[in-house]
Amino acid sequence: MLTITSLSKRHANAVQAVFSGLSFSVQAGEVVALVGESGVGKSTLLNCIAGLEPADEGSILVGRQAQDIVRLGEAARAALRASSIGFVFQAFHVLPTLSVAQNIAVPLLLAGVAAGEHAARIEALLARVGLAGFGPRWPASLSGGELQRVAIARALVHRPALILADEPTGNLDPRTADEILALLLERVREQHAAALIVTHSQHVAQCCDRVLTLTPEGLQ
Amino acid sequence: MIRLAWWLVRAQFTTRRMATALSMLAIALGVALGYAIHLINAAALADFSQAMKSVQGEPDAVIAPRDSAGQVPLALINEIARDADVAIIAPVIETRVRIDNATMAVKLIGLDVFSAAAVTPKLLPRQSDRVAGGSVFEDGVYASPTLLARFKLAPGDAVTLVRGDTHWRTRIAGDLPAARPDDLLLVADIAWVQARFGPAGGVSEGRVRLASGVRVGNWLGAWAGRLPAGLALRAAEDDSARVSNVSRAYRVNLNVLALVALLTGAFLVFATQLTAVAQRSTQFALLGVLGLSPRLRLWQVLLEGLAIGVPGAGLGLVLGYVMSLAFTQVIGGDLGGGYFSGSAPAILPRPAPALGFFALGCAASLTGALYPAWLNRIQPLAQALKTGFAQSPPSGGAAPRRRRWLKGAAMALVALAAIGLTRLPALFDLPLAGYAAIALVLVLGIGAAPPVTQIVFGALARLRLPAPLRIAVQNIVQAPLMAQVAASGLIVSFALTVSMVTMVSSFRTAVDQWLDVVLPAPMYVRSKGVPLPRELLGALAQPAAPFEKVERSAAVSLSLDPQRPAVALLVRELDRAEAAARLPFTGAVLAAPADRLVVWISEPMQQLYRLAPGQSLRLPLLGREVEAFIGGTWRDYARQFGAVVIGAADYVALGGRFEPTDLALWPRPGEEAAARTWLAKFTADYGLEMAESGEIRKLSLSIFDKSFAVTYALEAAAMLIGLFGLAVTLAAGVWLRARELATLSALGFDRAMLTRAVMFEGAMIAGIGLVIGLACGVAVGAILTHVVNPQAFHWRMKLEIPWLQVLPGAALSLLAGIFASRFAARQATRLPVAQVLANAQ
Ligand SMILES: Nc1ncnc2c1ncn2[C@@H]1O[C@H](COP(=O)(O)OP(=O)(O)OP(=O)(O)O)[C@@H](O)[C@H]1O
Ligand SMILES: [Mg+2]
């Protein structure tokens, strides 16, 4: 689902590379935790995988067709994200002007899923994340934990092959964090997707199938 | 995908109702103005050419004297009638008469009933049953229905037609069933008219229908060489061309105003969409992460622009239609320009122009959305998610200093180009180069905004200001885009306002001074085209008349160019020696050689026919070509198509009949009241019009003010748009800094401090905008006064900058700008600090 080979990245005005020569892969149905010190480049790596930032060298094969996102143009990267990647952020990043249901529908619209299926899928997923009946509500009226569940539902709704999560629970109290994480893992496994989860929490890392540690010297 | 786009558009509209509605309105206003002008003008032109057709019929060619005092000899009419290529020629006599002693003169047309049936069927009379016996045209006159109604006459009534000293007692024999509702005319047999009012041995016009298969151009060519000097043969098509040429410059000017309104609309869309893009940068970045492609991010913003433009343009069409109806009812079809008279023309919207104006409105709002859309497309996703809106594309390429140098050079080039354009002559009789120069001045003003903001705020940043102010200043130095946009809006709107005020004030001052010179006498009498009665002229010559001095004048029209409206020949009692004192000359007055005829031409005449004092001018006068020496050019703000003054004595010496129609009267000192009563008897008996110079002056200036009233409305609209742009962009700037401001609050700055900081920022931006706007406005005003006006209307004037209006206007705008920034500040301080800090990571 995700295969990375000799990946290097240096920021535009930076002297030192954030990382270089990274190689690893994540299989379908596998949930991998990515840990490391602050500033070591975890978010940068996730951004490169999602094609939000360009990588300098190496290749990143994503999805069932194993397309190399490093070699794709901007529009093709966007299309690949729409079809194969789900993203969850530390900050909830929900569109405030769309209702909960509309927020979740966005990936379906972008992936071109037939409109007739939307309502049922969204309802089912909302129920699975414990937000049954929240569809017509506006984001401003939800709590942080609820918003993060909306974000998780949105990351899963179009059944992406790969899920990327950047500290998905960093903003929440430990109990809610555990609940949300359990939910995320459960859904990922249910959909037989691959997942790469950046986290600072030992507990979260333990729940994953495998733990990768990013250090300035490389992966361990 | 369409659904997503629609959701976003709807969300955008509901969260920013005010900005969206105002942008929509501005677009609507531009479209409405342009469309209304188009509708009114099309209607007026159609109306005018129909009116002309109803009176003139639809001949192929017309033969007429080039001098309105001249005639076409009957012998020539007969000769043309014998030409095998001519199907029929209809001789016509046109003259003006009064009915009894009414003040208004009406047209009397003498026709030959047989040829008229073929050429001018709309003028065919219908005999009333009430009028006994005889055949059509046997006796009496036929009146158009409108004339009957206006004068409360009915067939069978006796009327006296008066022209000068000639009276024709006759009766209304019937009506003109095919006359148009506006036609105020009388028709009678040509022989009867000729017997009463002349001209003996000739007619006013011959209207020619050619045999089928004969080409008008060929036929005209064949005859051109054979005509006597004072006559001209023209294709009837020339008349329509002339009609449309008459009001062309005026129309184009109005259209430029409409275009300006549309451009301000585009600016508002720009400000709205730019701030919308900035405020939603995280949202768009998120959508990008979810897979919305960059191209779709671009299209989304364009679509939002279009979503403003489509309803705006649609509303504009409706508004334009309503406006055109209202205008034609209230002011008439000439938009106050005085070119067409008559009743309100019928407005007839057609699909093609409506679609054109609709497209123009959409294009304007798309243009406004273009740059914001592009900025949205190039936002770096990861960064936008983390820190929000990036104001400029990631820089690269040329070093900053070199870029600054290049920008300076480009601006110098633009300035040079603008100066060069003001030197160019009119293109197609229109001041197109002048308009282009104005556009360049505005570009220059907008281009000056970024460096000036940078310099001013850079200098402020080095001052020791109180902390909140320093933070505001620092913010603009770091992120100047919003400030630049706000300043540009003010620059353009204030420049337009200042230039308009300057142009109108220069014009008004010039007209005011000109009226002083052209109205030297205390009293005036005129008879509107009908010669003054000899009884009055005789009485004036008596020593008993309470006047110290009387100057008589008459006017004739001369056709110098069939494509242009006729030129007025003003016959005045003027000595060549005293001309310099009596006419408002623009330059030196040349002494003519004693043996030569001298005339003085008006400024529009000089421009239109490219003449100069000292040259000789050939005038088609009294049936021949007369060569005259041009003694000088005088200022004339009344006759846009040219006028020539000739001394009455010279005119008479050439063989002309001096039949005065206007009098300038100087009552004996102390006898003003007596003079008024002395005149009253004549004015009542002969339907003359008497006015004192003060009244004429007041009336002229009030007409002037009325015709420019619409510009004040436009100025107000422009300033409102500029100020609104300032408020929108400042508010957006504040919104973008919500986090920063919230942090400051959390650190202990109170609301009043933050409000002051934002207001200070607004005042500085408004100040910069107003100063640059003032400079551009003066430049544009000078171009309007010195380039556009002379090229469009052929008159010149001195530049008068009305500082007494401009400076208070600037102060008021500054206050309004500070007020607008207060609105923005209020938004900022109302942000819930805790929520902002919690939400934004
Ligand atoms: N746009 C940028 N330009 C230059 N350097 C950057 C940019 N973005 C991030 N960096 C640098 O790259 C390094 C990696 O940053 P990144 O955000 O990936 O760290 P991280 O591992 O996610 O840290 P954290 O756990 O604190 O989120 C940091 O040293 C940061 O300073
Ligand atoms: Mg990070």
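Which helix of chain B is the place of Ser505(B)? The legends below start there. The model is predicted.

**View 1. Ser505(B) in its helix.** Ser505(B) sits in helix α17 of chain B, which covers residues 481-518. Is Ser505(B) buried or exposed? Its relative accessible area is 14%, so Ser505(B) is buried, the cut-off being under 20%. Leaving aside residues up to four places away in sequence, Ser505(B) touches Glu800(B) and Pro802(B).

**View 2. A nonpolar patch on the surface of chain B.** Four residues make up this patch: Val318(B), Tyr321(B), Val322(B) and Leu325(B). Together they have about 320 Å² of accessible area. Tyr321(B) belongs to helix α11, residues 294-330 of chain B. Tyr321(B) counts as partly exposed because its relative accessibility is 31%, between the 20% and 50% limits.

**View 3. The largest nonpolar core.** This core holds 117 residues. Which of them touch the most other members? They are Leu2(A), Leu7(A), Leu45(A), Ile49(A), Ile60(A), Leu164(A) and Leu196(A). Take Leu196(A): beyond residues up to four places away in sequence, its contacts include Leu2(A), Phe24(A), Val32(A), Ile49(A) and Ile163(A).

**View 4. The domains of chain B.** The domain assignment gives domain 1 as 1-56 + 259-390 and domain 2 as 59-235. Domain 3 is 401-519 + 695-841, and domain 4 is 528-687. How many Å separate the centres of domain 2 of chain B and domain 3 of chain B? Taken over C-alpha atoms, the separation is 59 Å.

Terms used:
Residues numbered from 1 in each chain as written. Chains lettered and ligands numbered in written order. Predicted model: local features only at pLDDT ≥ 70, side-chain atom pairs only at ≥ 80, totals over all residues. Heavy atoms only, no water. Domains from an automatic or database assignment. Patch = residues over 30% accessible without salt bridge, like charges linked within 9 Å, V, L, I, M, F, W, Y side chains within 5 Å. Areas by Shrake-Rupley, 256 points an atom, 1.4 Å probe, with all protein chains shown as cover. Salt bridge = Lys/Arg side-chain N within 4 Å of Asp/Glu carboxyl O. Helix = DSSP H or I, 4+ residues; strand = E, 2+ residues; numbered from the N terminus. Buried < 20%, exposed > 50% of the residue type's maximum accessible area, 1.4 Å probe, protein only. Core = buried A, V, L, I, M, F, W, Y, C linked by side-chain atoms within 4.5 Å. Contact = heavy atoms within 4.5 Å.
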